[in-house]
Amino acid sequence: MKKIITLFFVLVVTASLWAQHTKEQLLTIDRIFNSGEFNGDYQRQIFWIENGEAFITIERNSRGEDELMKYISKNNEKSIYLSADQITPKGSTKSLRIEDFSLSTDGTKILIFTNSSRVWRSNTKGDYWVYDFSTKKLQQIGTTFPASSLMFAKFSNDNLYVAYVQGFNIYKENFETGVITQLTNNGNGDIINGTFDWVYEEEFGMRDGFSWSPDAKQIAFWQLDASDIGTFYMIDNTDSVYSKPIPIQYPKAGYNPSSAKVGLIDTETKAITWIPIPGDPIQHYLPAMQWINKDLLLIQQLNRKQNELDIYTYVPSTKTVKRIYKETENTWVDLRYPDISSNQWGNNDFLLTDNNRSLLRMTENDGWRHIYKINIKTGEKILLTPGNYDVAAYYAIDKKYIYISASPENATQRYLYSVPLNGKGILKRLTPKEYSGVNTYNISPNGKYAIHNYTNINTPKTTRLIALPKHKTIITLVDNKRLKDKLVTLALPESSFFKVTTSEGIEMDGRITKPLDFNASKKYPVLFHVYGEPWGAVATDSFIGMYEIFMAQQGFVVINIDNRGTPSLKGSNWRKCIYRKVGVLNTKDQALAAKEVLKKYSFIDSSRVNVWGWSGGGSMTQNLLFRHPEIYQTGVAVAGVANQLFYDNVYQERYMGLPSENKDDFIEGSPVTYAKNLEGNLLLIHGTGDDNVHYQNMEYLVNELIRQNKQFQMMSYPNRSHGIYEGKNTTRHLYTLITNYLLAHNK
């Protein structure tokens, strides 16, 4: 009977909408997730060459084959750089699919990555082929190894070798003779050479764990010892008659991480020299290492609590280590800061200036996020960005300026600015006024050109090639005209921004999308979409997306609000006051903001208040329903962390401290602690193959809800990961489930 009533309600809502609008004007889940109608276009990866005077990108030819095209930056003049015919293996009629590529330093050879397979989040295993422009020869490297098993292949600077990781060991191969030399021998999964374990990849963005020296005589590399890391088992119940355990080395909060050390391999003798970085190798992280010149390395080290950053230099010829910089925080130290304008996740290396004599470091020691220039030899610091504003990200430098992202007047937006490298701190906006919204950039090495991405609340992303510093458009690379034309055919709701101040005096940014055919005299259900943790913001001036439009067409007011602790450009205290209070302070901010929103907008029905979120947003949804049942009636929590002690140590300890010192904070912030207070409607959704937020979280919470005799609903997606997208129709099924649940509880 309940299913019949739910179906009847959905049909009534749909019939009411169709009475006022044509079928073509209204979205359906099928149209969004199954038709391809509203897929946006995007610019594929580009690779700057000739110091930025040209670039290469991957394009499809008329036969649908991948080719590399070269464009002259100043006029976008186009030519074929590498044709599909050139990358068709001998004896094959099918050319290689180009997933990634890199050039040798002299430009005579190109390394192509193809036939990849997934390692955790990314496809980092695959096959590599070298094409030699001088001999016009294409050959595969690593042919003695299984298919799709090489990682991070790269040319030596003398263009004689390619080095790569296979089976947790590092190899070099002479691609002219095919001779392969194994450089490390003890890699076995517990000992990891040249790449990283799960948590280094997930939380530091680290995958590629080795680099050639500029003179090609040495390779600097990481070695992790994960032998003492606890093994978490996911269970595959569906792929065979008998269940199969899937092991993952996963250090939970309060448990030790892998031991990490860095060393240098002599590429001729294979001798390894370990760099004597001070400190316990288990109670410290080594999240970055880069060559400055052939006889100087920079190494970054974080302590276990991640509130101290040390930067060391190492001179291979003298085997001397020197600390040149130390940074401490009462909360935590970030490496690359999480921001919507940052496109450098996974690259923790510093930008270098002054002929590699200085590095640039973003830090928050003065209450704002600023950039300092630090002399590598002396450690002397010069502030480059003085003022009461936050730097969101930095992109590139030229001879005089550093190009940064910031938005001093509006935290929901991002713009390009230049600042002198001499420390005079004159901030100059380069993004023209007509690009009001979120702007991101990929700037050429010489600072003369950039790939400019632009979006705002009503506009899908567009991409341009521009000339700097005048920001002159050379050509529009992606106009997304097809998607824009399709959007025009829809009955679109109205979206806008607002500010809300809580009873504690905290002002927050919010984004609201009102229902289709909005009438202020009516009462509407509200759907709060939440995240609320240090790795994401939701109330941004970027395109709202098709699902938000769809839910507004279904009659919901859709609201996104960013609480304290999110990476908004509102000063360090805004972002870091959440320390040791994840699940407490952010939940309170959201709840108090919701109270004010209900007062502010009389058209919102306070008896139909809904919330949904994914990952950290799933945790937030659980916390809001459990801690504030007087406000929220219905919630959908996807892949949430129910118990903070179940999540990985790097993320959870960064923002919460160490369980050995303040375990009570972890318990207090965990949704499961307050599950006994559930009064409303709760739908829990989780993938059983989630290697990030383990399915354990849902089962643990379900057990507690049962113990407290609380009714709820749940949906498990077999063997799906954190994104719950694997398999035919999974995404469509998921969003149909969420939508129907919300509609059924908002009659």
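1. The side chain of Tyr-250 reaches the backbone nitrogen of Asp-648 at 3.1 Å, and that side chain also gets to the backbone oxygen of Asn-692 at 2.8 Å. Both fall under polar contacts, meaning a pair of N or O atoms within 3.5 Å; within protein, one must be able to donate a hydrogen and the other to accept it, and residues adjacent in sequence count only if both atoms are side-chain atoms. Keep in mind that this is a predicted model: local features need pLDDT of at least 70, side-chain atom pairs count only at pLDDT 80 or more, and totals for chains, interfaces and linings use all residues. Residues are numbered from 1 along each chain as its sequence is written, and side-chain values use heavy atoms, with hydrogens and water left out.

2. Staying with Tyr-250: you'll find this residue in the loop between β17 (244-249) and β18 (259-266). Helices (H or I, at least four residues) and strands (E, at least two) are DSSP runs, numbered from the N terminus. Tyr-250 counts as buried because its relative accessibility is 2%; buried means under 20% relative accessible area, exposed over 50%, and partly exposed in between (1.4 Å probe, protein chains only). Leaving aside neighbours within four places in sequence, the contacts of Tyr-250 include Trp-198, Ile-229, Phe-232, Phe-646, Tyr-647 and His-694; contact means heavy atoms within 4.5 Å. Val-165, for reference, is 85 residues from Tyr-250 in sequence and 22 Å from it in space, C-alpha to C-alpha.

3. Asp-648 turns up again at the start of helix α9, where one of its side-chain oxygens reaches to within 3.1 Å of the backbone nitrogen of Val-650. Helix α9 (residues 649-656) is mostly covered, with 8 of its 8 residues buried. Just after α9, Gly-657 takes a positive phi of about 90°.

4. Next, the sheet that β20 belongs to. In what order do the 4 strands of the open sheet run? The order is β20-β21-β22-β23, with antiparallel pairing. The edge strands, each pairing on one side only, are β20 (284-293) and β23 (320-328). Direction ignored, neighbouring strands here are turned by 20° against each other on average; the axes are lines fitted to C-alpha atoms, for helices over the stretch in contact, and angles run from 0 to 180 degrees between N-to-C directions. Strands of a sheet pair through backbone hydrogen bonds, either parallel or antiparallel.

5. Within that sheet, strand β21 (residues 296-303) and strand β22 (residues 308-315) pair in the antiparallel sense over 6 bridges. Two strands pair if DSSP finds at least two bridges between them. Gln-301 stands opposite Asp-310 in β22.

6. On to the rings: the structure holds 34 aromatic pairs. Phe-196 and Tyr-200 make a stacked one, at 5.4 Å centre to centre and 15° between the planes. Rings of Phe, Tyr and Trp (its six-membered ring) pair if their centres lie within 6.5 Å; planes under 30 degrees apart count as stacked, over 60 as edge-to-face and the rest as tilted. Phe-196 is buried at 6% relative accessibility, and Tyr-200 is buried at 0%. Tyr-547 and Phe-550 are a tilted pair, because their ring centres are 6.0 Å apart and their planes are at 35°.

7. Why are Tyr-547 and Phe-550 separated by about one helical turn? They are 3 residues apart in helix α5 (residues 546-553). Tyr-547 is buried at a relative accessible area of 11%, and Phe-550 is buried at 4% relative accessibility. Ring pairs also link these two with Phe-33, Trp-612 and Tyr-735 into a cluster.

8. Two lysines over rings are worth a look. The charged end of Lys-381 sits over the ring of Tyr-372, 4.7 Å from its centre, while Lys-570 lies over the face of Trp-574, at 4.3 Å from the ring centre. A charge sits over a ring if NZ of Lys or CZ of Arg is within 6 Å of the ring centre and within 35 degrees of the ring normal.

9. Last, Arg-118 in strand β6 (residues 109-119). Arg-118 is partly exposed, with a relative accessible area of 37%. Its side chain makes polar contacts with the side chains of Ser-721 (3.4 Å) and Tyr-725 (2.7 Å).
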